2 protein chains.
Amino acid sequence: MDRRDFTRLAALSILARVLAGAAPSHAAAPVTAETAERHHQEAMLRYAELTGGPKLSIGMLVYPGMFLQDLVGPLSMFEALMNRDIHLLWKNLDPVGNDGSGGPALIPVKPTTTFSQCPTQLDVLFVPGGVPGSFTMMEDSTVLDFLARAAPNARFVTSVCTGSLILGAAGLLDGYRATSHWATRDVLAELGAIPTPGRIVTDRNRITGGGVTAGLDFGLALVAQLRNRSYAEAIQLYLEYDPDPGFNAGSPEKAPPIVTAFLNDMFAGMREAAFATARRARKRASRDF
Amino acid sequence: MDRRDFTRLAALSILARVLAGAAPSHAAAPVTAETAERHHQEAMLRYAELTGGPKLSIGMLVYPGMFLQDLVGPLSMFEALMNRDIHLLWKNLDPVGNDGSGGPALIPVKPTTTFSQCPTQLDVLFVPGGVPGSFTMMEDSTVLDFLARAAPNARFVTSVCTGSLILGAAGLLDGYRATSHWATRDVLAELGAIPTPGRIVTDRNRITGGGVTAGLDFGLALVAQLRNRSYAEAIQLYLEYDPDPGFNAGSPEKAPPIVTAFLNDMFAGMREAAFATARRARKRASRDF
């Protein structure tokens with residue numbers, strides 16, 4: 001019985017119980033936030049065929065200058081899972097800033113777990129993006145050493161946005177197809193990866209997402225891999241992820257030429273810094289190994 | 001000259017300069033993160049016809065038990081704007097937790113501004129959702145009083161997800177069409193609003209978004225109103241907001257029946273709590289006014 005059969009069987013079994021009226025234990029009418037929360041948790045257990053599975057260990061790197069949405073998109077998906085530990089990983093437990101706009105961090109993130117406390121076997125090793133933070137990380141030997149040490153034991157080695165440049169600098173994308181923010185995708189070639197367009201690019205156990213908001217799509221796809229498709233769909237409905245951006249400018253190909261020209265100009269310096277940093281990181285890596 | 005004419009003119013003017021080669025001041029080759037950031041800021045100024053506009057004052061309520069993505073989606077859009085102040089508003093400056101899953105907060109948010117420090121004239125007053133936090137806020141007289149006091153002077157009074165229930169409890173949606181998370185949309189009727197399906201529902205200066213991830217669409221739509229359409233498109237491209245969820249389960253109508261049945265069961269207790277809280281809030285409001 002493969003995963004799809006299992007999911008279908010689980011779904012039918014649950015549907016039968018719902019139709020038979022077994023599920024609505026809420027007839028006892030909880031009316032406070034606390035009883036509602038208890039009902040929520042009970043339902044998750046009642047649907048254990050969908051929501052169950054072995055304990056997951058998810059490690060997410062956080063760092064100064066990361067972009068908060070890169071982290072929070074996947075985190076929202078992972079937090080909706082039952083039976084998981086989520087670690088926000090950094091050198092120490094001091095809060096790290098994360099304002100992508102270059103100002104002081106509006107919402108600093110406090111790491112939960114130091115590199116040395118990180119479980120050896122992670123189901124997911126995840127690296128968010130952010131400029132200029134990710135460039136600094138590409139040359140931070142403590143961070144690169146940690147990633148290089150954790151990745152071989154991780155089931156999935158993943159990133160969103162310029163997080164893939166950090167993975168690449170750690171030597172983890174050598175010969176892998178990978179993506180990044182559209183403006184830095186070609187920088188990956190400097191790091192030994194094969195730049196590949198796509199909202200999510202999967203090559204063996206490397207899963208890399210596009211820029212910032214791709215983290216939502218990435219997170220959902222990964223949930224389907226970690227558990228099952230129905231659970232991913234349930235989380236999509238839970239978070240009402242039925243996107244409708246209103247405008248059609250989400251990629252350089254789709255955006256009006258003036259908008260793409262503006263951003264190409266805005267990103268010109270950033271791209272130069274990314275290329276220069278990648279070349280230095282690559283040179284250092286080839287010297288070290 | 002209306003706004004569309006202005007935007008078109010600005011776009012043409014910028015395009016002309018780009019084509020004339022005036023823009024690439026990066027020929028001086030910045031290669032560090034710092035010089036890249038400076039180039040980025042210079043580009044924003046160079047494109048001032050798109051990015052300029054009067055200083056914006058944006059107030060975002062934060063509270064214990066909010067859902068972090070509800071806040072961070074719109075925040076990512078607003079932070080990309082030039083010339084704006086963003087206030088994270090709460091009773092005091094103590095960090096507030098926000099784990100939607102009922103556990104301890106993984107990323108507490110530190111407010112930046114107390115209610116009493118909040119500017120009188122806000123361009124945007126925004127309320128995120130979250131369960132059970134939003135239910136608690138619906139009966140918190142300090143929060144409701146602050147919202148009722150700030151809203152009449154705000155250019156836009158807005159929410160995402162169950163944030164609209166808080167606006168409703170503060171008496172701010174009386175007779176307004178509004179939306180909420182799909183599972184709590186009909187609760188709005190108990191608060192005097194007109195429940196209206198839609199990813200974003202606008203009625204006069206009330207703009208309410210659907211569940212959680214609707215905050216990204218909401219934020220982008222609001223940026224277009226606060227500045228102009230081209231700037232919104234530029235931010236869409238900046239954040240690579242070209243969504244592709246992979247599955248088609250983002251609304252109860254689209255999701256497979258088993259998934260909708262699961263979530264309806266999971267949310268049953270929450271809905272009862274929401275209705276009961278809304279009725280109590282409405283009764284209290286009619287007694288107070």
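A residue is called buried here if 20 or more other C-beta atoms lie within 10 Å of its own, exposed if 12 or fewer do, and partly exposed in between, with C-beta atoms placed from the backbone. Helices (H or I, at least four residues) and strands (E, at least two) are DSSP runs numbered from the N terminus.

This is a predicted model, in which local features need pLDDT of at least 70 and side-chain atom pairs count only at pLDDT 80 or more, while totals for chains, interfaces and linings use all residues. Residues are numbered from 1 along each chain as its sequence is written, and chains are lettered from A and ligands numbered from 1 in the order in which they are written.

Helix α9 of chain A, residues 229-238, is mostly covered, with ten of its ten residues buried. Among them are A:Arg229, A:Glu233 and A:Gln236, together with A:Tyr231, A:Ile235, A:Leu237 and A:Tyr238. After α9(A) comes A:Glu240, which has a positive phi near 45 degrees.

The sheet of chain A is open and has seven strands, in the order β3-β2-β1-β4-β5-β9-β8, with mixed pairing. The edges are held by β3 (113-114) and β8 (200-203) of chain A; each has a single partner strand, so one side of each is left without a neighbour in the sheet. Two strands count as paired if DSSP finds at least two bridges between them. Between β8(A) and β9(A) (residues 206-209) there are four bridges, and the two strands run antiparallel. A:Ile200 has A:Gly209 of β9(A) as its bridge partner.

The loop between β8 and β9 of chain A contains A:Arg204. Although not a glycine, A:Arg204 has a positive phi of about 50 degrees. A:Arg204 is exposed, having 10 other C-beta atoms within 10 Å.

Helix α8 of chain A (residues 214-226) lies across β1 (56-61), β4 (124-127), β5 (156-160), β8 and β9 of that chain, at about 155 degrees to β9(A). Contact means C-beta atoms, placed from the backbone, within 7 Å. Axes are lines fitted to C-alpha atoms, for helices over the stretch in contact, and angles run from 0 to 180 degrees between N-to-C directions.

In chain A, the peptide bond from A:Val131 to A:Pro132 is cis, with omega near 10 degrees, and A:Pro132 sits in the loop between β4 and α5 (133-137). In chain B, the bond from B:Val131 to B:Pro132 is cis, with omega near 10 degrees. B:Pro132 belongs to the loop between β4 (124-127) and α5 (133-137) of chain B.

Another loop of chain B, between β5 (156-159) and α7 (163-169), holds B:Cys161. B:Cys161 has a positive phi near 60 degrees without being a glycine, and counts as buried with 35 C-beta neighbours inside 10 Å.

Technical notes
Contact = placed C-beta atoms within 7 Å.
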